Protein chains: 4
Amino acid sequence: MAKVSFRNDYATLMHPNVYRYLEDKLDVINDAYGNDSYSQSAKQRIIEKFGLPETTEVYFLAGGTQTNMVAISYILRDFEAVIAASSGHINVHESGAVEASGHKILTAPGKDGKLRGEDIDEVMRHVGDEHVVAPELIYISNATETGTIYTKEELRSLHDAARRHGLLLFMDGARLGNALMSDENDLAFEDIGHYCDAFYLGGTKNGLPLGEALVLINPVFHHRFANHIKARGAMLAKGYFVGMLFDAILQDDLYFSLAKHANDLSSKLQEALKSHGLNPEPSPTNQVFVQVDDELGKALIREFSCEIWEKNEKGYILRFVTSYRSKDSDIEALDLFLQAQ
Amino acid sequence: MAKVSFRNDYATLMHPNVYRYLEDKLDVINDAYGNDSYSQSAKQRIIEKFGLPETTEVYFLAGGTQTNMVAISYILRDFEAVIAASSGHINVHESGAVEASGHKILTAPGKDGKLRGEDIDEVMRHVGDEHVVAPELIYISNATETGTIYTKEELRSLHDAARRHGLLLFMDGARLGNALMSDENDLAFEDIGHYCDAFYLGGTKNGLPLGEALVLINPVFHHRFANHIKARGAMLAKGYFVGMLFDAILQDDLYFSLAKHANDLSSKLQEALKSHGLNPEPSPTNQVFVQVDDELGKALIREFSCEIWEKNEKGYILRFVTSYRSKDSDIEALDLFLQAQ
Amino acid sequence: MAKVSFRNDYATLMHPNVYRYLEDKLDVINDAYGNDSYSQSAKQRIIEKFGLPETTEVYFLAGGTQTNMVAISYILRDFEAVIAASSGHINVHESGAVEASGHKILTAPGKDGKLRGEDIDEVMRHVGDEHVVAPELIYISNATETGTIYTKEELRSLHDAARRHGLLLFMDGARLGNALMSDENDLAFEDIGHYCDAFYLGGTKNGLPLGEALVLINPVFHHRFANHIKARGAMLAKGYFVGMLFDAILQDDLYFSLAKHANDLSSKLQEALKSHGLNPEPSPTNQVFVQVDDELGKALIREFSCEIWEKNEKGYILRFVTSYRSKDSDIEALDLFLQAQ
Amino acid sequence: MAKVSFRNDYATLMHPNVYRYLEDKLDVINDAYGNDSYSQSAKQRIIEKFGLPETTEVYFLAGGTQTNMVAISYILRDFEAVIAASSGHINVHESGAVEASGHKILTAPGKDGKLRGEDIDEVMRHVGDEHVVAPELIYISNATETGTIYTKEELRSLHDAARRHGLLLFMDGARLGNALMSDENDLAFEDIGHYCDAFYLGGTKNGLPLGEALVLINPVFHHRFANHIKARGAMLAKGYFVGMLFDAILQDDLYFSLAKHANDLSSKLQEALKSHGLNPEPSPTNQVFVQVDDELGKALIREFSCEIWEKNEKGYILRFVTSYRSKDSDIEALDLFLQAQ
């Protein structure tokens, strides 16, 4: 029998509702390259949900690294840089995609995976002359790579820093659903478009087989963006397919229900770990990191599918991720297992 | 009622068999990034069908422009070039994706959309010193952008030219099914891998919602190719999804049956046009180009979905494309329409 | 004894006046990176000579390929292209430098090495949607790669085409001195800045050991251009050195006298060739192309340093170039030699 | 009167011997693009001085940033990275030139501006899968950006780490003369080529108007390198000019005498500072960093040309640089000035 999986949030194909949505679309004739009614409908759902200006442009791309690279490389010239937290996905887990597109990432240590206004000030203290790259854009993830989220005050402060230094603000929303559905979240949907110049809503990690909706609010992103998508190899001939996927998952707020479900199971998972004397990093979203000793680590890895985040002298830091398809019984299995140790 | 469509071969979502294949996969836990059993199975189907060495690597990417850019930019250094026919897709319809990845395309006029050994000789006559880019790779499409196909003799001759000049040969197979299933085709499946260093098998234009299977035969393509895919933003987290799509469509040679179906309807379409005194370019595959006068052109465009390839002094050159979902009734509707003119 | 050389116009180090100018500068303390008084003086000389706005920016770079790449890559985004004649230096003799910086060159055959307004119209007929690169810039050379020059009418017409299509116009002036000092030239110095958005004045081919003065008139080139120069590796720490070189050669119009000298000797050379029954392409500048038969070709190559432009069935097309250091005696030697054949 | 300058080592044009060397070369006819006898002679001088294999290739480029970018971008593919100290010139003062050429820099804090074998081990601990860039090259500077130098033991240890991880080692030698002529240096000339795969010998900061000699020992750098130089805009038509410059300054070890002179005056400068109670960072080469209080800082900046390295709460860290043209009287002037405070 397959192990219970807490490996990641992209291990199962797609939510059944999304699958069923496609059933009667198999024989429909569609316009290509995203100029179809499903993409239009999905776009309108996003604009309405986030209270965005009607001039907002939305493009449906395949994956997160691609979306980051496409958005960032559109804005930056060859002497310009993007600022990110050292732990930012673009800095550590994208095989140098931003640099391969010709641009430097300037990093700041940040705090809990998040950039603060003061980090931006510090980075900007060192720039200015022609020998140093000129930052133009700030990249943040919400939820971050370690599952933390931005408070309204933090996002506002970062937005103010961006404006203070003439920078744009881009939010990687591969897990934006988890962030906004967190019990600890105090950001309104409208705040995202208010504070960010562009962001994306990730489908891959929340119930779609692929797809990220890139939302371009600031008109500085609006000149021939489709041309740029094509030049970076990211244009899908059957753009309507990803349009359909998003149209399906945005119906009746399914996207956000699924994210909330993953968060709820993460809370239960954290409770289960704590009830057995473990001490997970408190996580407001669906990623849970916990230090365990060597013996327990080995046992957990044997019984469950989860990720070894770090091997250290105390044993292991393991990452458990819940997703739209996680079940109460998954947590119960973990609970039983820990009880038996 | 929707117009009968001869617009292109990517206007409908996917073949029903592919859709049904996915149904019982919705809740399966998969390894990410292409390291899954479905991708493995699809890869083996390709290796067997084309009689390729077991060392062959196969990667499943999202679209054709992306696959061209990923394959070409892997091989070329910044001073190296790819040779293509002037009409090659990479030269005219990819928004400069190859150049955006840092490489020049050297073009030759070719003949009927095809490169010949003598074209390569001519291009190579002008290169050599450090002021001129150094070609390393030949890019061809089969079927070509205008629906023609390579004969065995032509492919062999091009392969010989490649070896003569120390070049690699890469085949864009966005419509490889149509080429190989053409009544006029004399290439065996084994010939593709025998004469080419790499090629791809296009899913987007033959029944899949997206997906191209990039087949890397020559080991010169095998060093950390996945790293390169990621760096170009082309890695899918749910790689197993495209693996499943190909596994589905390669079952029972469905892929090739669909291509044959499109070709057969193209033959009928050509017959219908000729029976009404029109003179389409003879096409061995599923794209048909026909010159019509101004009045007939306008009428056809009004009644059918097809593409204006060129507006000229004689009227229009129209492109009609058949696909896996074209029906006999589509051709009959066109026949009836032409009869009534 | 060394052969008399008509090989090229960059075979000797520098004009003696330039050398002598440097003598008393050896121990002067200068500001680096071009922020020095010599660069400032040279810039002012150019602004005055060409009647340019005081807002014009001038940067002193090392070589022609570098200057082309730096100027072009500053303006273009990844989905944008530069239009050039097929024979343009950037297209054939720069080892793909423009493409290595990420941009496509769209070519037109042109006429006599020159682009015409109608060539631009033709190129622009094929662009427009997101699948095709978007031209933003026209590249021309004056004098061209084959020694021809633009008339005022031709340049105006090209400028009009540029404005008609929303394109910028950039002039490669590696041999601008030769063009403007040609007996056939009808362009005023003021016309260059009037019709072009940017151009450069080449030093390498007219008496300097290196150096091209890149003149940026249109403010679209003015945002942090020095940052871009640095990012492309083209910033010189001792920028004042190239500033001095230009300051020296622009004194008393030495630059233009040298170009005129080269042109005058080219006229004499053409006369000499014709007086012996040869039929050089009429050249208004310092490059002369002449078809000779096989025997004469071999003899000329043995006795003189010149370039084999093409080996063909009639024998050879040879290129003879005169320069600032060519002497009457060089022509006389050629004349005597031809007489003896 | 001009201030006594300790601003940098590239503020004066060139050493008089270099200037005089050129005098009788003004009218010599040379082969272009580095294929000349002077470049050949300079290359041989370097090969002999450093005891390098005869297969070594040497290219003469214009500046340091360019040389770093050209060497690094030749070796790396788009998914590969170079490892550098955080303080490395390529990371902080090249306007993103390495990234603009498409490559990530992975940084380690290092110690005293130097990378250690253990730094490489630590960086390599985090790489391996396809989501993380693959390091291929280590970049070090000797002397470093802060004037420190590598001991033989340190270089050997770094070389061992490189071999252990399959990496190449590249040394930025913009100030290699100062490093090798330092009283504290224990590296033999032969050690450079023994431990490094490539390095350069900087001319700009040691008596030439421009020029860096890029020395490529490992044959992995030897395939069409000139083509790459051209593609990056770094090829000089009058390559013989930089060849002459290096031929001149390598005669009678002038290059190394000049570096030693700069170092000697740096020692005197450090003595002078210490004799007045100041506490400069001990420097084995020609860059001296000293913390001074606010008042003294302002006075020094007013009277001398030097660089403000950092403004901090204690006052200023000033950088004083000596060069080939520094004089004893410069130090005496500083000594007198400090005495008067």
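This is a predicted model: local features need pLDDT of at least 70, side-chain atom pairs count only at pLDDT 80 or more; totals for chains, interfaces and linings use all residues.
**Confidence**

The predictor gives the complex an ipTM of 0.97 and a pTM of 0.97. Chain A has a mean pLDDT of 97. In chain A, 100% of the residues reach 70 or more.

**Chain relations**

| Chains | Rotation | Shift along the axis | RMSD |
|---|---|---|---|
| chain C on chain D | 180° | 0.0 Å | 0.0 Å |
| chain A on chain D | 180° | 0.0 Å | 0.0 Å |

Chain C goes onto chain D by a turn of 180° with a shift of 0.0 Å along the axis. That is the relation of a two-fold axis. Both copies use the same surface, as 100% of the contact residues of chain C recur in chain D.

Chain A and chain D also touch. Each side is counted here: 17 residues from chain A and 17 residues from chain D take part in the contact. On the side of chain A that touches chain D, six residues are nonpolar, six are polar and five are charged. Of the interface residues of chain A, 100% are also interface residues in chain D, so these copies meet through the same surface.

**Two domains in chain A**

Domain 1 of chain A is made of two segments, 4-8 and 259-340. Domain 2 of chain A runs over 16-253. Their centres, taken over C-alpha atoms, are 28 Å apart. The contact between them takes eleven residues from domain 1 and 15 residues from domain 2. On the domain 1 side, α12 and β9 (287-292) of chain A each supply at least two residues. α12(A) gives the most to that side, with four residues. The residues on the domain 1 side divide into five nonpolar, five polar and one charged.

**Helix α11 of chain A**

Helix α11(A) covers residues 239-250, twelve in number. From first C-alpha to last, α11(A) reaches 17 Å, close to the 16 Å expected at 1.5 Å a residue.

How many residues of α11(A) are buried? Twelve of its twelve residues are buried, and the helix is mostly covered. Among the buried residues are A:Tyr240, A:Phe241, A:Met244, A:Phe246 and A:Asp247. The cover over α11(A) includes the helices α1 (16-22), α2 (37-50) and α12 (254-275) of chain A. Strands β2 (57-61) and β8 (212-216) of chain A are also part of that cover. Just after α11(A), A:Asp252 takes a positive phi of about 50°.

Terms used
Residues are numbered from 1 along each chain as its sequence is written. Chains are lettered from A and ligands numbered from 1 in the order in which they are written. Two residues are in contact if their C-beta atoms, placed from the backbone, lie within 7 Å. Ala, Val, Leu, Ile, Met, Phe, Trp, Tyr, Cys and Pro count as nonpolar, Asp, Glu, Lys and Arg as charged, and the others, Gly among them, as polar. pLDDT is the predictor's confidence in each residue, from 0 to 100. Copies are superposed by least squares on the C-alpha atoms of residues with pLDDT of at least 70 in both. The expected span of a helix is 1.5 Å times one less than its number of residues. A residue is buried if 20 or more other C-beta atoms lie within 10 Å of its own, exposed if 12 or fewer, and partly exposed in between; C-beta atoms are placed from the backbone. Domain bounds come from an automatic or database domain assignment.
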